[in-house]
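Welcome! Let us take a friendly walk through this protein, one stop at a time.

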Amino acid sequence: MSSLVIIPVAGRIGAEITGVRLSGELPAETVQEIRAALLRHKVIFFRGQEHLDEQSQVDFAALLGPLTGAHPTVPALNDGSPILDLDYSNGQKVDRWHTDVTFVDRPPLASVLRAVVVPPAGGDTLWANTVAAYDHLPPQLAELIDGLRAVHTNQFDYARVATSDNPERTREYAEVFASTTFETEHPIVRVHPETGERSILLGDFAKRIVGLPGDVSASVIRLIQEQVTQVENTVRWRWSPGDVAIWDNRATQHRVVHDFGQQSRRLHRVTVAGDVPVGTDGRPSEVLSGDASAYSPIVTVTPVAA
C-alpha cells in the first residue's frame, strides 16, 4: 500500500505530496506514483526535504529520466554539474511567464527545483496549467491557434535591462544568456506525448507568430497569454528552505513573484530531458538556429494509454 498522500492545493493545478523522503534510492513503484501525480496535477510540491544536498537532488531527479545540462548557455553551479544555480539576490528580475528553454527544439520534460535560501516574506513562484488554459478557450479561438506556429528565441530584450534593479548585472547576464543564438519554430498547441492532452506552448521566449504581421502577432500572443495566466489556471507556492517543486514543463508556464528586493533568494534546479513537441497536425518543431545536442538528448516517452 502506498505511503504517499496527495493533496490538491488549487482547483486546476498543483498538489502537495507527503509521506516520502526524496532520494535517489526510491522504489520504482514510488517513482511511478510521483510521475502519475505530476501528469495529473502538472506541478507537485514536497516540504521538509532538508536532507537533500546537491548530489542527492541530482540522484533523485535522474529517477524521472535522463538529465539535461544545467542550461544551453548559462554556466552550471560547478563544472559538469546538471544544477543551475538560480540566485536572485543581485537585483536580477526573472518575472515573466515562461516555459523553460523553449528556444531549443527539445524543451525539458520536467524540472526539479529545491529551495536553498528564501526570504522571510516574498519570492513565491506561480505556475499556470497550459492544458486547462487550452481546455477553457472559446472553441473558435482554440480552432484558430491549433494551426499556428511561433518562433521562440533566447535573444534578450535589452529594453528591459534599464528597468531592472541592477542594470549592469542584468546586462552581463543577458550577454551570457544570449551568447549562442537559439531559435526554434514550435506549434502553439502541442500534443502532450504521455497524456494526449492539448497544451499551449508560448511564454516569454515566444517572439512572433509565423505568417502574421508584427502588430497582429503581438496582439494574438498577448491574448493567448492572458488566457493562460487567468488566476483560475494558476497556483502560488510560498517557499520554505528544503521545499522541492517538480513541474511538467510540457503542460505549464511559471514565473517568480519579484517582491523581495535585495533579500537573498537561491534555488537549485535540475532538469529532465524532453521530447520534440508535435502539433495537432502531427508536425514537429523545427530548428531555425542553434544546435542543442550538447545541452540535452531527445527522449521518447510512452503514452499513458499505451
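A residue is called buried when its relative accessible area is under 20%, exposed when it is over 50%, and partly exposed in between. Keep in mind that this is a predicted model.

With that in hand, look at Glu194 and Arg250, which are both buried. Glu194 forms a salt bridge with Arg250, with 2.8 Å between the closest N and O atoms. Glu194 sits in the loop between β9 and β10, and Arg250 in the loop between β13 and β14, so the pair ties together parts that are 56 residues apart in sequence.

The structure holds 16 salt bridges. Another one pairs Arg106 with Asp105, whose closest N and O atoms are 2.9 Å apart. Arg106 counts as buried because its relative accessible area is 10%, and Asp105 is buried too, at 9%. Glu286 and Arg283 also form a salt bridge, at 3.7 Å between the closest N and O atoms. Here Glu286 is partly exposed, at 37%, and Arg283 is partly exposed, at 36%. Salt bridges with shared partners also link Arg35, Glu194, Asp248 and Arg250 into one network.

Next, find helix α4, residues 139-146, where Leu141, Ala142, Ile145 and Asp146 are buried. Viewed down the axis of α4, these buried residues fall within an arc of 140°, so they line one face of the helix. The face turned away from that buried side carries the exposed residues Pro139, Gln140 and Glu143.

Finally, visit the surface, where Glu25, Asp53, Glu54 and Asp59 form a negative patch. Asp53 lies in the loop between β3 and α2, and Asp53 is partly exposed, with a relative accessible area of 42%.

Notes. Residues numbered from 1 in each chain as written. Predicted model: local features only at pLDDT ≥ 70, side-chain atom pairs only at ≥ 80, totals over all residues. Heavy atoms only, no water. Patch = residues over 30% accessible without salt bridge, like charges linked within 9 Å, V, L, I, M, F, W, Y side chains within 5 Å. Areas by Shrake-Rupley, 256 points an atom, 1.4 Å probe, with all protein chains shown as cover. Salt bridge = Lys/Arg side-chain N within 4 Å of Asp/Glu carboxyl O. Lys, Arg positive; Asp, Glu negative; His and termini not counted. Charge placed at Lys NZ, Arg CZ, Asp CG, Glu CD. Helix = DSSP H or I, 4+ residues; strand = E, 2+ residues; numbered from the N terminus. Buried < 20%, exposed > 50% of the residue type's maximum accessible area, 1.4 Å probe, protein only. Arc of directions from axis to C-beta.
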